[in-house]
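Work through the exercises below with the sequence and the 3D view open. Each task is followed by its solution.

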Amino acid sequence: MNVFAIVKRQVDAAVAALIAEGKLPSGLDLARVAAEPPRESAHGDVTTNAAMVLAKPVGKSPRDLALLLVDKLKAAPDVVDATIAGPGFINLRLTDRVWLDVLRTVLGTGTAYGNATIGGGERINVEYVSANPTGPMHVGHARGAVVGDALARLLAKAGFAVTKEYYINDAGGQVDNVARALRMRYLQAIGRITEADVQGALERKEIQYGGAYLIPVAEALAARDGSKWAEVNDDAVWIPALREFIVAWMMKLVKEDLAALGVSHNIFVSEKALVDAGKVDAALAFLTEAGLTYTGILEPPKGKTPDDWEPRPQLLFKATQFGDEVDRPLKKSDGSWTYFAGDIAYHKDKVDRGFTDLVNVWGADHGGYVKRVQAALKALTAGKGQLDVQLCQMVRVLNNGEPVKMSKRAGTFVTMRDLIDEVGKDVVRFIMLTRKNDAPLDFDYAKVMEKSRDNPVFYVQYAHARGRSVFRHAAEMFPAADLSDKGLASADLNLLNDPDELAVMRTLAAWPRTIEGAALAHEPHRVAFYLSDLAAQFHGLWNKGNDTVALRFLQAENHALSLARLALVRGVGVVIASGLAVFGVEPVEEMR
RNA sequence: GACCCCGUAGCUCAACUGGAUAGAGCAUCAGCCUUCUAAGCUGAGGGUUGCAGGUUCGAGUCCUGCCGGGGUCGCCA
């Protein structure tokens, strides 16, 4: 039940009736007609822009058209009043019964309340994390993981058939580099070289990865294979072997870290598997057949020519035909594929698996890469495929305002594990969703654990816990009462006539459209703001009870009123739980 | 030099994809309070939405140009 969707249909019906009466021309486009909560609650319960949007196509002034519509809308079910305001808004007031019905619906549907059908069961692919298997995941990955996972849950709640996907970059030069670094640590593990040798190699940039996290990997390799790799000097032999070892190890760690964060993917796609299966060649052949590749020489970037720049002919993709700035290279000068070539094959693979609606969650440092992948997808799907890229900005980790730079484990950056160990997965998840992903985020260990109004995790969880507390008291006060959702739904809700109580129900009524809006915009953070609003309203009711005994939820001498208010308390709890479920956060029963 | 993101109250951020008088919290100021779970409550002040144009019934939101901050820029992924 979505009150605003129902009103929208009533508005559409009013327009249709006027058309049938010959007062309006037929064939009007109602797509831009909206039924929304007004910004000011004093303006009514629902507002529609119909008169303003349709004024021009029907050739009437907004006010004249509004007069016609108001006439019809006043007769619509549950409409108490319809008035014209401002430049042509039509404000509707609905009967209280509508809001009581909303509450009954919440109690009847539980946390499934808010589930929407706008997705229509359409398949959508959300790819996120996709961290290189070269080291432990850091805070940036944590943000991407949480944003992607919450977005996937949000889309599922909105009725999409979601596939959560992770792309393993296990084929490029970086995994070879980490294999080289592993060999150094391995030689150290079997006593051939010292720590100083490893550090020296790092300083001379002979290896790029040297973190202590490689030591246990090297020891495990030594335990399995003894000293055999010390004797093998043919790169073509030992690199693939060590690479395979480190990738398997790191992916195991990645999956463990993600599990600790409550994140799980449906499918992991290996870049190397795509390469080995010939899919890069096939994808590029596809583009070449379509006449979209050529060999050419790129201009150096203006204003910043690399020192070692020299013009070279390269195989290029005609990205400019699809909105990119320049054509993009597919082959390196040594003849091997670029990362982009592999990514084209990967996105073609997604398309071949039946996806046309794609979302990728990336770090903001990949922003310059968005257009070319979108261009490639258009080329691969004749324009049918849609790729939305959500870029996550930096996370600054702080403790009481002081930057936290060093990880306990990795030494150079704060790892995902550090975060989880410090504050717990639910706090990490919630806080990561309190900003839109393209805005930088401060993550302050002290602040996110603070028990205060300022801390949205605490504030929302506390509202839920307070609600549960009321129920524990209620069970003692009314031992014989049926406090189940079903029992509460049959309480006499007409007793809920306090304006603040009705205001809470209006907020509950806005939950389904919050889900729809957030899902369509791919913006899970909106749920966090909704939950904070709902929690604030609930705490407001609570505080009024502190001041005025008659406004407390539980009235020992008034069974019926207590049950009605318990229904409302429960309704708030259900919607908070429904929202936290989108975030993958557990609602708490009590706070101690 | 080019491209992408950001710029809203002293601070941290909203604003439901173009709607009405731009909203919260913190901080400040003025009162109140000791609890159905304590981690408080009520009210007040605070704005040329970086600047300048444009589009239209209507712009924080869309377009153009500046200013400021961040990111990226063939053979990394």
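**Exercise 1: a ring pair**

At 1% relative accessibility, Tyr167 counts as buried (under 20% relative accessible area, 1.4 Å probe, protein chains only). The model is predicted, so local features need pLDDT of at least 70 and side-chain atom pairs pLDDT 80 or more, while totals for chains, interfaces and linings use all residues. Residues are numbered from 1 along each chain as its sequence is written, and side-chain values use heavy atoms, without hydrogens and water.

Task: classify the pair of Tyr167 and Tyr346 as stacked or edge-to-face.

Solution.
1. Rings of Phe, Tyr and Trp (its six-membered ring) pair if their centres lie within 6.5 Å; planes under 30 degrees apart are stacked, over 60 edge-to-face, the rest tilted. The structure holds 14 such aromatic pairs.
2. Here the centres are 3.9 Å apart and the planes at 5 degrees, so Tyr167 and Tyr346 are stacked.
3. Tyr167 belongs to strand E6 (residues 161-168) and Tyr346 to helix H13 (residues 339-352), so the pair ties together parts 179 residues apart in sequence. Helices (H or I, at least four residues) and strands (E, at least two) are DSSP runs, numbered from the N terminus.
4. Tyr346, at 0% relative accessibility, also counts as buried.

**Exercise 2: charges over rings**

Task: which ring does Lys255 lie over, and which does Arg468?

Solution.
1. The criterion is NZ of Lys or CZ of Arg within 6 Å of the ring centre and within 35 degrees of the ring normal.
2. Lys255 lies over Phe268, 4.2 Å from the ring centre.
3. Arg468 has its charged end over Phe471, 5.6 Å from the centre.

Key:
Chains are lettered from A and ligands numbered from 1 in the order in which they are written. Buried means under 20% relative accessible area, exposed over 50%, partly exposed in between (1.4 Å probe, protein chains only).
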